[in-house]
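I opened my notebook on this one today. Here is what I looked up, entry by entry.

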Amino acid sequence: MAILRLQGISKNFGAVAALTDVDLEVDAGQVVAIVGDNGAGKSTLVKVLSGVHSPDGGRIAFEGREVTIPGPAAAHRLGIATVFQDLALCENLNVIENLFLGQELSPFRLDDVAMEVRSWELLRQLSAKLPAVRLPVAALSGGQRQTVAIARSLLGDPKIIILDEPTAALGVAQTAEVLNLIDRLRENGHGVVMISHNMSDVRAVADQVVVLRLGRNSGVFDARTTSSEEIVAAITGAGDNAVTQRAARSETVDRSGMAGGAW
Amino acid sequence: MAAVDLSDERLRQGVGPRAVVGLLVDRVRAGELGMVPVVAGLVVIWAVLQALNPIFLSSTNLVNLTMECVPVGIVALGIVCVLLIGQIDLSVGSISGLAAAITAILFVNEQWPVWAAVLAAVAAGCAIGVLYAQIYNRVGIPSFVITLAGLLSFLGLQLKALGTSGSVNLPYDSALVRFAQLSFVPAWLSYLLVLGAAAGLFLVGYLYARKRRTADLPARSLRFLVIRSAVLVIGLGFAVWYLNRSRGVGWMFVLLVALALALHYALTSTKWGKSLYAVGGNVEAARRAGINVRLVYVSAFAFCTTLAAIGGVLGAARLAAANQSSGGGDVNLNAIAAAVIGGTSLFGGRGTAFAAVLGILVIQSISSGLTLLSLDSSYRFFVTGVVLLLAVGVDSLARRSRASHGR
């Protein structure tokens, strides 16, 4: 049974319908990629899930129970953790301090040792390599920072982890590192929702690809059996975009030209 | 050990004293200077001033120096907190002057008991900080402007309160004045305090190392802990012995050190301390991590103005008077300069409690040394300015070096 099930989610900003009747299902140990063009509603959907926006219509079921997510704290309590694109790390603090920021153990006499042990545990879960945990985050590479941000999201033992563009602005090797992390999350039985623009990354790790287009579901594909072209066609709206329209137009022109030279 | 296995193979690991020295050199090269430049600067300044006037390092003068440090040093501790969250308080001088005036008027003119007068002054200081933070949180005026307005307004309030005579004298036999001028730690107790400090340092270090070892984490060796405490006993013991040849260690200076230690603990070992660094480093990240950023602003500003008021009261006690120039002149700039010379970043997120103490020692040393040379305040301002520029210059170069070493 799906851990998270969205049915008919709608969200309007004034006259703009950002999401209309969107469905989404995430199982444990499943990576669901949400893809779509700019303005397709990906970020709005993530914000609905992480409690930043509340939906105007539709139902959210978490582990079979119908729930509402009124705020980020509520999402966290349910077991939905979000890693936003800008990571939100403090560069002047070290890895441990960043992992436990806002959730330090024993606030009046910080338990350094317990936090360090737990930090290593989290990093081990991700099989992640960091030079040291007492290094300020400023000294880490982009991929390592992503590791820290993902490890931090694991702190509350969430069921669902949402990654917003985890591989944007990363190099080749660092992207591979992050994709490994996502594999690890799946192996550990987390449900992962990943937003991405990068088709090869999506096909590398996702089990299922959900395509949004203009705020609506534009298809759900099995990442293993579907070709990139089919997904791109769904993203752009096959037969309904400049490229296909132009191709179709030139085809008709050609045909009519051949048919009898009406021009 | 599993924990160490996980760390990156690129991380060089070493054991033994050579590796420790190598690591230290690496850190200095990478711009992780810590307290090194301030301490080095202090040594140079002391050497130069001693060469110019042999009285400078005499016990009597050093006792005076420690006592002079306290009022502005306490103000500087507060400034560190405000700088840590990336804000500034320009009005600490006016607040300390106002607190001095409130204490003197309530105590002398209104015949309040001394503790009540001091409490009222400190409470007023605290209230000013809360007011600043409320304006900052609700209206969003930069703290530079809010506190600049505070500087002017509270100076006006101080002058108004002191009235036409412009000065209120505190009686010499009052507890407050005696505390600030005449109360020194008895010699036997001062040595006992040194031993207690060393034993405490060792005990804390030992318990921490044991806890780390049981958790399979690398820990400091027993030898290191023993040597560290021994060095502390010898260093502090010598300083106390030297001061005891004159009047000894003032209780007021003990108060400054105790406040610095308390602030150090709060900054490094409490959730509040971490939230100050987090807000100074990245406000948005702190907010998303669930930190109540507004409350952090309120606490930091209130802490700073409270300490400014305490510093003002002690300054008045040391002078045995509150007058129109209390908290005026260079208190403001010296307090901010002390925090910055000690290595607190003006951009937030970097700094320690001990920075303020070391910084104020530098500033008061210059002041005291130049006074001994009977040079007037024009030279003092000039030299302090140059030292400030040097200190911040070293920090900026260190930061550039940190950036190029990826720290």
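Predicted model: local features only at pLDDT ≥ 70, side-chain atom pairs only at ≥ 80, totals over all residues.

**Entry 1: a helix in chain B**

I started with helix α17 of chain B, residues 377-404, and checked its length: at 1.5 Å a residue its 28 residues should span 40 Å, and the end C-alpha atoms are 40 Å apart, which agrees. The expected span is 1.5 Å times one less than the number of residues. Helices here are DSSP runs of H or I with at least four residues, strands are runs of E with at least two, and both are numbered from the N terminus.

I then listed the buried residues of α17(B): B:Thr384, B:Val387, B:Ala391, B:Ala398, B:Ser401 and B:Arg402. Buried means under 20% relative accessible area, exposed over 50%, and partly exposed in between, with a 1.4 Å probe and protein chains only.

Residues are numbered from 1 along each chain as its sequence is written, chains are lettered from A and ligands numbered from 1 in the order in which they are written, and side-chain values use heavy atoms, with hydrogens and water left out.

**Entry 2: where the chains meet**

I found 32 residues of chain B in contact (heavy atoms within 4.5 Å) with 33 residues of chain A. The two chains bury about 2,800 Å² between them, 60% of it on carbon and sulfur atoms; this is the accessible area (1.4 Å probe) that two parts lose on being put together, summed over both.

I counted 4 salt bridges between chain B and chain A, each a side-chain nitrogen of Lys or Arg within 4 Å of a carboxyl oxygen of Asp or Glu. I looked up the one that joins B:Arg288 and A:Asp86, at 3.0 Å from N to O.

Which elements of chain B give two or more residues to the side that touches chain A? They are α1 (2-6), α9, α11 (251-269), α12 (271-281) and α13 (283-288). Of these, α12(B) gives the most, with 5 residues.

**Entry 3: positive phi**

A:Ser127 has phi near 45° and is found in the loop between α4 (112-125) and α5 (142-153) of chain A. B:Asp216 has phi near 65° and lies in the loop between α9 (187-214) and α10 (222-244) of chain B.
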